[in-house]
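Subject: Handover of a structure for your review

Dear colleague,

Please find below the sequence and structure that I am handing over to you.

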Amino acid sequence: MKFTLSWLKAHLDTTATVDEICEALTDLGLEVEGVENPSEKLKAFTLGYVKHAEKHPDADKLRVCKVDTDEGELQIICGAPNAREGITVVVAKPGVYVPGIDTTIGVGKIRGIDSYGMMASERELELSDEHDGIIELPSGDVGDRFIDWLAKNDPSKVDTTIEIAITPNRPDALGVRGIARDLAARGLGKLKPREVTPVEASFQSDLTVSIDNDTLDGAPVFMGRLIKGVKNGPSPEWLQDLLRAIGLRPISFLVDVTNFFTYDQNRPLHVFDADKVKGNLRVHRAKGGETIQALDDKTYTLQPGQMVISDDNGVQSIAGIMGGADTGCTEDTVNVFVESAYWDPVQIAYAGRALKINSDARYRFERGIDPAFTPEGLEHAVRMIVDNAGGEVSSVVVAGKVPDVSRAYKLDAKRVISLVGMDIPESTQRQTLTALGFRLEGDMAHVPSWRPDVLGEADLVEEVARIASLTKLVGKPLPRVAGVPKPILTTLQARQQMAKRMAAGLGYNECVTYSFIDREAAAMFGGGDDATMLQNPISADLSHMRPGLLPGLLRAAARNQARGFADMALFEVGHAFQGGEPGEHHVQIAGILIGRTGPKDVHGTSRAVDVFDAKADAEAVLAAIGAAAKVQILRGAEGWWHPGRHGKICLGPKKVMGVFGELHPKILRDMDIKGPAVAFVLYPQEIPEPKNKVTARPALVATDLQAVERDFAFVVDADVEALTLVNAAAGADKALITDVRVFDEFIGGSLGIGKKSLAITVRLQPVDTTLKDKDIEAVATNIVAKVTKATGGVLRG
């Protein structure tokens, strides 16, 4: 959004400097992106007086001029047709940079005669495109600065231009008046009244407008006035200067008026050549396939549902975006129909994007203009046209009605102070909102129609804070809490932190992977259904919520292996999703080990990772997050685990705290993983909450009674799992038995076919009294009985 300083002062009575205005605008949220001061490039030019001019002796079109300057008389050779004696000119002395020709003036010799400067034209100073001759000034003293003369006689030529960035939520700042209103609220001046005297109607318009019923939601109101007998032509100099200053090319007065109000009041308008309109105007939706040649001389094919304005000949304007060339104004236009309408922002945005048209009208309508200003904007434009181009005006033609956007929100002064953190008196808060156009009734603030972004009480707080300036906010330390503060982390959050620390301590590298994976990978791990499918995925490979953490870790491992890293230990702590509804997720702690335990060495200590590495790490992480030491290892995990090389860590048949083991070879093949791969997945929610929630470590429980170990060897069928035997022995006496370990397996020999021998060590730890032989024998008998019942085995003789 560009505007000039003089344009701003047409709305704001202020004495603030450009720097003060720019600083205030940026602080108000209207960031200044650039400031152009034309006087900077013209400050070296001075006025001179040509006291003598004669033809160059060796060139018909050159004249040798004697020019009085502030440095005395200079000889300047000039080829302009109007270079003559007795005129006041603009002089560029040697060393002066001329912006229009990108040249620094020096002392030169032209056809054998020295020239000590240059007399400039308007194009050479970038004041206009005029270059038929040098500048002739009607007044001015020799030696005066040219910029001082311009400031006094033609200030628009040295008017400072300011460009600001507009955020999508501030459409009111797309007009100079909206910017002036913000500055006035900040205290940089007083907002000037915006009044217009409507032109009295001379006749009833024979051109009418209608809006189809199915279009009223997108075009609630359409207003216009017919003006007969206007005289179109070039705009007044002041209007042309304003438009050029912001980068617009003056076209004709009628067109320039619409451009002026687009930037002045954020009120896009359109002017039809009434003599080219056949019949009446109708606002409706396109059927699809209609074409229109727009004012940018491009032909557009309309899509079904897009809003258009048509006459009896067809579509004449793309509603709220761009008018048509067939009914556009030319220098021969004498009768015009001035349109002022309101269009739905969303529908304009859809149509503009589909047609790929970027126009000032679309830019403003899709962000939201002031619907209540529709009739007043029309009267402003009609008044300017009649005052400058003449004509008789009809009564107002209206279709539909102005939409009611009134709304009000409560202003809680204490809440504002609490949220902003600044002591802003209630009177100041009310004064701020009033200056911004809000109407206050008690503690209710009625939102002005030009602020579609204000949609709640929080927006009132933002407006007060914005005008008060958050740069005045003083930092205050938080109050100190007496004593030891209560922990703010939940038990689950604390367990996640402890798990990360332990996994890192075990040598794992942490991964953070997407919560989304592809359907195929999700299906391998029990997911991939419609409940976890994303409606709008960012990629085809990220179409489903992950059912677990292992797919992401395996994908990361495959990428690392593809880059030459064969051995790795990775872990992740995050959410897995069993459904698409809130609450259908749980936290997992997952780790994978791939390759070997370390680099090869002469001692042969390096080996391939196995299921017991995963088991040890899983138990270490569980111990770190407070799981019980005594657990059961059971079979029966999901299908992505190796059927014979995995275990579920349980507190009971239904209380699973985690799973460890080798991954199924099919999974490794499908995920492109090479070499052995073991993993663990833990479920921290399944660990019971500690009864004593103090953060201090519990007292060490030590006993002075000696532990006893007994060995047993059982002959069992070859298909009996060692785990079944271990679990049976451990259940013989849960109070005394603290550990059961397998230390030998023997197959063949005298055992016969289909049999094997498993040897275990059972450790008994007394608590109250030393164990006697009869106590040990009783436990041993119970162990034999339990194992025999569970496995069908017998004690080996």
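What radius of gyration does the chain have, and what would a compact globule of 797 residues have? The chain has 43 Å, whereas a compact globule of that number of residues would have a value near 28 Å. Please note that this is a predicted model. Along the principal axes, the C-alpha atoms fill a box of roughly 135 × 75 × 60 Å.

Overall composition

The chain contains 20 helices and 42 strands. Of its 797 residues, 48% count as buried. The accessible surface comes to about 40,600 Å², and carbon and sulfur atoms account for 51% of that area. Among contacts between residues at least 6 apart in sequence, 69% join residues at least 24 apart.

In soluble globular proteins, nonpolar side chains tend to be buried together. Here, the largest nonpolar core has 112 residues, and those with the most contacts inside it are L25, I164, L183, F222 and W343. Helix α10, spanning residues 374-389, gives the most to this core, with seven residues. Apart from it lies another core, of 29 residues, which includes A558, A637, I673 and Y683.

Leaving aside residues up to four places away in sequence, F222 touches V209, I211, V283, I309, F337, E339, S340, A341, W343, V397, V398 and A399.

Helix α6

Which residues of helix α6 are buried? In this helix, formed by residues 237-245, they are L239, Q240, D241, L242 and L243. The elements that cover them include β1 (2-4), α1 (5-9) and α7 (253-264). Just after α6, G247 takes a positive phi of about 90 degrees.

The three-stranded sheet

An open sheet is formed by three strands in the order β27-β29-β28, with antiparallel pairing. β27 (408-410) and β28 (439-441) stand at the edges with a single partner strand each, so one side of each has no neighbour in the sheet. On average, and with direction ignored, neighbouring strands of this sheet are turned by 30 degrees against each other. Strand β29 (residues 444-446) is joined to β28 by three bridges, and the two run antiparallel. Within this pair, L440 stands opposite A445 in β29.

For β42, the pairing is with β39 (residues 708-717), in the antiparallel sense and over two bridges. V715 stands opposite V794 in β42.

With kind regards

Definitions and conventions: Residues are numbered from 1 along each chain as its sequence is written. This is a predicted model: local features need pLDDT of at least 70, side-chain atom pairs count only at pLDDT 80 or more; totals for chains, interfaces and linings use all residues. Side-chain values use heavy atoms; hydrogens and water are left out. Two strands pair if DSSP finds at least two bridges between them. Helices (H or I, at least four residues) and strands (E, at least two) are DSSP runs, numbered from the N terminus. Axes are lines fitted to C-alpha atoms, for helices over the stretch in contact, and angles run from 0 to 180 degrees between N-to-C directions. The radius of gyration is taken over C-alpha atoms; the globule rule is 2.2 Å times the number of residues to the power 0.38. Buried means under 20% relative accessible area, exposed over 50%, partly exposed in between (1.4 Å probe, protein chains only). Contact means heavy atoms within 4.5 Å. Accessible areas come from the Shrake-Rupley method with a 1.4 Å probe; for residues, only the protein chains shown count as cover. A nonpolar core is a set of buried Ala, Val, Leu, Ile, Met, Phe, Trp, Tyr and Cys residues joined through side-chain atoms within 4.5 Å.
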